[in-house]
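Subject: Structure handover

Hi,

Here is the structure I said I would pass on.

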Amino acid sequence: MKFKKHAIITLSLLISLGAMGCHKALPIEDETEVKSNEVNEKGELVPEQGAKLVFWTVDEEYGKAIATAFEAQYSVPVTVEKVGMGEIDKMILTGPTQTGADVFMSSHDNMPTGMAAGLFLEINPQIAERIKAKMNDVGIKTVTVDNKLYGVPVSIETSCLFYNKDLVGETPAITLEEILEESKIYNDVVNNKFYFLYSTPDTYKAYPLLSAFGYHAFGENGDDNAHPGFETEAFKKGLELIYSLREIMPVSATDLRNAEFVRNLFMEGKVAYEITGPWDIKTFRDSGVHFGVTTLPTYEGRSLTPFAGVKTAHVSAWTEYPIAAQLLAEFLVSDEGASLLYEKANKITTLKDVSNVRGLGEDPLVKPFTQQFENSFPMPNVKDIKAFWTATEKSLISLYDGELTPDEAQKKTIETWEAILASQAE
């Protein structure tokens with residue numbers, strides 16, 4: 001990418017384009033502020049003449065399919081480069097020199113770092129309104145800062161209840177109490193048979209249980225970095241629930257944290273229920289196990305709320321073609337883009353309405369995830385999130401192995417959290 005200045009864009013836009021590390025938006029309210037050939041007769045934005053783009057994604061086959069479809073619609077060529085972990089650091093290095101991506105994928109918990117580094121172009125209001133109208137609110141929140149959009153929520157990851165139809169039938173349980181009672185009858189620990197088994201010592205997977213009594217990590221909106229909520233009664237009661245599961249899941253924390261251990265038992269027909277995510281669907285399908293997926297059960301009449309992860313697309317603040325790049329980001333959440341996401345990457349769109357997404361709307365194993373996503377809690381993207389993971393997982397492991405009581409685990413979590421923050425301040 002080479003940097004060019006549009007001669008007839010307003011002076012304020014020229015200044016913002018030239019200032020590295022600033023967040024920019026291309027104004028559309030006054031059509032004199034964009035080139036005449038960058039809007040059509042309806043006032044809608046169209047790609048710049050001669051535009052060409054670079055798109056970074058970890059899913060190369062999906063990226064190439066997107067590139068082909070986007071070029072067919074907009075006549076803009078797209079070069080796809082496979083980039084996964086570390087994309088934010090790569091953009092920090094390559095963005096200012098115009099050698100990085102115009103549009104790149106990331107995880108929503110990278111938002112604070114990207115914003116602080118000035119990596120993201122603010123999405124044009126015209127495009128932003130279209131995106132907001134069709135996207136799930138949970139997803140929109142992950143890319144919103146000060147009521148402005150700095151990216152597009154493309155795909156979702158959350159947890160649902162998987163069940164073996166040969167063991168429980170076609171109608172799964174809707175309450176955790178039902179599962180717990182049946183476990184007492186079904187379990188055969190000597191032969192590794194469990195009615196319910198999943199990785200409670202893993203904070204991500206344990207969160208539905210931690211949330212059972214109203215606990216929210218870092219506050220109601222997940223953005224209160226100073227208060228992870230470990231001292232609350234809701235957090236303590238969540239720990240008590242996890243502790244109680246040791247009776248019907250008498251397995252070591254080490255084994256439960258081993259995804260292969262639990263996954264293999266489910267595929268072998270030795271586990272009736274497991275809580276996991278869409279990443280296991282293909283593996284289970286390939287194994288031949290007769291399974292279904294449903295939303296999480298309730299407990300004492302309360303919904304269990306899982307964490308939600310969102311893969312987001314961002315437009316580089318240094319792109320030479322801001323309109324074309326934003327249209328590509330928007331195309332990722334079109335019905336065609338969502339269809340390619342499902343077909344090529346086996347991932348689930350953040351669109352509210354999936355009826356026009358090829359295959360997805362008819363897939364009974366995927367639809368529950370779109371429903372559960374609406375009752376999920378986006379993983380906090382606060383500054384000290386790493387300290388949160390460390391503090392909770394250390395306590396959950398000791399709790400589940402019976403080395404700590406719930407009271408002690410709560411105290412230990414607070415102490416570990418405070419110790420980590422103190423060491424960082426030194």
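**Salt bridges, a helix and a crossing**

D384 forms a salt bridge with K383, and their closest N and O atoms are 3.3 Å apart. Before going on, please keep in mind that this is a predicted model.

The two partners in that pair sit on opposite sides of the accessibility cut-offs. D384 has 9% relative accessibility, and because buried means under 20%, D384 counts as buried. K383 comes out at 67% and counts as exposed, because that is over 50%.

Another one joins E300 to R302, with 3.1 Å between the closest N and O atoms. Here E300 is partly exposed at 47% relative accessibility, and R302 is partly exposed too, at 36%. There is also a network of salt bridges that links E260, R263 and D280.

Then there is R358 with E343, whose side chains meet in a salt bridge at 2.7 Å, N to O. R358 lies in the loop between strand 14 and helix 16 (367-373), while E343 belongs to helix 15, so the pair ties together parts that are 15 residues apart in sequence. Relative accessibility is 37% for R358, which counts as partly exposed; E343 is partly exposed as well, with 40%.

Helix 9 (residues 203-210) and helix 17 (residues 385-400) have axes that come within 11 Å and cross at roughly 75°. The two helices are therefore roughly perpendicular to each other. On the helix 9 side, T203, Y204 and A206 make the contact, and they meet F388, W389, T392, E393 and L396 of helix 17. By type, the residues of this contact divide into five nonpolar, two polar and one charged.

Cheers

Conventions: Residues numbered from 1 in each chain as written. Predicted model: local features only at pLDDT ≥ 70, side-chain atom pairs only at ≥ 80, totals over all residues. Heavy atoms only, no water. Salt bridge = Lys/Arg side-chain N within 4 Å of Asp/Glu carboxyl O. Buried < 20%, exposed > 50% of the residue type's maximum accessible area, 1.4 Å probe, protein only. Helix = DSSP H or I, 4+ residues; strand = E, 2+ residues; numbered from the N terminus. Axes fitted to C-alpha atoms, helices over the stretch in contact; angles between N-to-C directions. Parallel < 35°, antiparallel > 145°, perpendicular 65-115°, else oblique. Contact = heavy atoms within 4.5 Å. Nonpolar A, V, L, I, M, F, W, Y, C, P; charged D, E, K, R; others polar.
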